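Please open the model in a viewer and keep the selection tool at hand.

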Amino acid sequence: MPPEPLLRIPPNQDLVVFGATGDLARRKLLPALYELSRQGLLPRRGEVVGTANDELDDEGFRRLAHDAIEEFSRTGLDDRAFSDFAQRLRYIPAVNDPGPTLARTLQLPHRIVYLAVPPSSFEPILQELKGAGIAKGSSIIIEKPFGHDLASAQVLNRALQRIVPEERIYRIDHYLGKETVQNLLVFRFGNTLIEKIWNREVVSHVQLTVAEDIGVESRGHLYEETGAMRDIMQNHLFQLLALTCMSPPSSFDPEALRDEKVKVLQSIHPVSPAEVVRGQYTRGSVRGKTMPGYRELEGVSPDSNTETYIALRLAVDSWEWAGVPFYLRCGKALVTRRTEIMLFCRDVPLHLFEGTGIEALQPNRVTIRIQPDEGISFSFVAKKPGPTVVEQGVRMDFSYGQSFKTEPAEAYERLLHDALLGDHTLFIRQDETEYAWKALQPVLDDMPRINLYPAGSEGPVEAQELMLSGAWHSLAHHADD
Ligand code: BG6
């Protein structure tokens with residue numbers, strides 16, 4: 001993605017956050033806006049107007065922002081920086097139609113409206129904006145999942161586009177804001193060696209994992225509607241897949257890049273339910289602490305059929321990737337937190353090693369550690385020092401922390417800044433989300449049964465049945481073992 005000239009200041013505009021007192025706003029949006037303000041990266045003129053159902057005034061909202069930033073900001077709360085930021089904060093209770101009040105409050109001709117609310121509220125809010133005459137001049141940011149299947153995504157996209165054109169819609173998938181995800185393209189297309197091995201000639205299979213050790217916690221009610229398929233698979237994992245498989249774009253222009261991602265999503269064979277394993281966690285122990293089972297959570301039905309884990313196998317039928325199985329998995333309450341992409345290379349012929357006692361050689365492997373312990377490694381075999389030919393697996397490792405001596409910025413900082421600048425590169429286009437749903441639709445139509453797994457484990461053992469050869473890389477070990 002484009003190398004960023006430092007300190008690009010977005011044009012003057014207001015930012016309106018619907019759902020401004022909710023979890024997302026408190027944990028991510030307010031701390032990210034505060035960081036941008038601290039770095040001088042917010043527009044010179046422009047207010048941050050929060051709206052939600054809570055009956056707060058401006059001061060109450062500033063207090064809420066203060067506490068949220070104190071708790072969640074990555075750099076901690078600095079009183080002076082906060083007081084600069086707080087001057088921008090306004091609050092409008094949304095209890096009675098907030099449109100007219102918003103229209104009176106917003107002074108600038110342009111604004112960006114962040115819908116940090118459940119998808120069922122999108123349309124009423126858009127109508128409210130339209131009714132108040134402020135849809136014109138507004139850009140919209142919405143959070144995934146975009147719809148809950150292909151048909152609803154199409155309906156939602158049409159509803160959005162009736163009110164604002166596609167060029168003013170920003171569909172957020174925060175994985176695209178992660179440094180390590182953006183680096184995928186630089187790693188692939190900035191290094192001849194890498195791009196040469198990145199195809200079906202060399203790669204035998206690919207594993208993509210988003211493992212979390214946290215459970216669903218207080219989000220039971222919301223999660224019942226999504227499950228792992230809609231929460232992570234259709235968006236975060238499919239985006240990682242698209243970036244892993246795409247051909248080089250002609251430039252970092254947003255459309256050139258998104259066109260290439262779309263080609264990958266179009267080339268995915270519709271996933272068959274027989275190639276999917278779903279799981280749900282039961283009570284167990286994670287890092288020595290007891291975690292209640294999913295069905296014990298508030299807001300979750302005692303016989304819930306929602307998956308907290310999903311693994312699947314799929315094929316990308318392109319010239320580069322035909323014949324290479326891709327294995328994708330994500331889950332909550334697993335033994336560890338780890339997001340990684342692993343490319344396993346083909347076996348070498350062993351003839352040369354006949355008589356040496358070497359009967360098998362570990363295939364080369366490229367591991368991209370998206371988080372934590374961000375980095376990239378390459379595993380290969382080497383001759384162990386000594387008089388006979390004995391091999392040993394070794395690895396070369398790049399670590400972000402060691403090379404750059406800096407903490408990556410929060411994904412939301414980058415994404416909010418880009419949206420304020422009008423840069424769509426790291427946002428999802430309408431066709432991307434629809435092709436992703438299309439590939440998964442056969443599974444949504446015929447969800448396989450749920451397999452239970454204890455919290456703190458690697459997920460349901462049945463996931464192993466998806467492997468055509470080899471095994472899932474164990475989550476219990478270090479990312480590179
Ligand atoms: C969100 C999901 O999009 O991503 C959450 O809704 C999940 O369920 C989160 O916990 C994971 O994000 P990250 O950045 O911690 O990998």
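The tour visits the cysteines and then a charged surface patch. This is a predicted model, in which local features need pLDDT of at least 70 and side-chain atom pairs count only at pLDDT 80 or more, while totals for chains, interfaces and linings use all residues. Residues are numbered from 1 along each chain as its sequence is written, and side-chain values use heavy atoms, with hydrogens and water left out.

**The cysteines**

The structure holds zero disulfides, a disulfide being a pair of cysteine sulfur atoms within 2.5 Å.

Is C245 buried or exposed? C245 counts as buried because its relative accessibility is 4%; buried means under 20% relative accessible area, exposed over 50%, and partly exposed in between, with a 1.4 Å probe and protein chains only. C330 is also buried, at 2%.

**The negative patch**

Next, select D67, E70, E71, D78, D79 and D84, which form a negative surface patch (patch residues have over 30% relative accessible area and no salt bridge, and like charges are joined within 9 Å; a salt bridge is a side-chain nitrogen of Lys or Arg within 4 Å of a carboxyl oxygen of Asp or Glu).

Colour helices α2 (58–72) and α3 (79–86): each supplies at least two residues of the patch. Helices are DSSP runs (H or I) of at least four residues, numbered from the N terminus. The largest share, three residues, comes from α2.

Finally, centre on D84, found in helix α3. D84 counts as partly exposed because its relative accessibility is 46%.

Note on methods. Patches are made of residues with over 30% relative accessible area and no salt bridge: like charges are joined within 9 Å, nonpolar side chains (Val, Leu, Ile, Met, Phe, Trp, Tyr) within 5 Å. Accessible areas come from the Shrake-Rupley method with a 1.4 Å probe; for residues, only the protein chains shown count as cover. Lys and Arg count as positive and Asp and Glu as negative; His and the chain ends are not counted. The place of a charge is taken as NZ of Lys, CZ of Arg, CG of Asp or CD of Glu.
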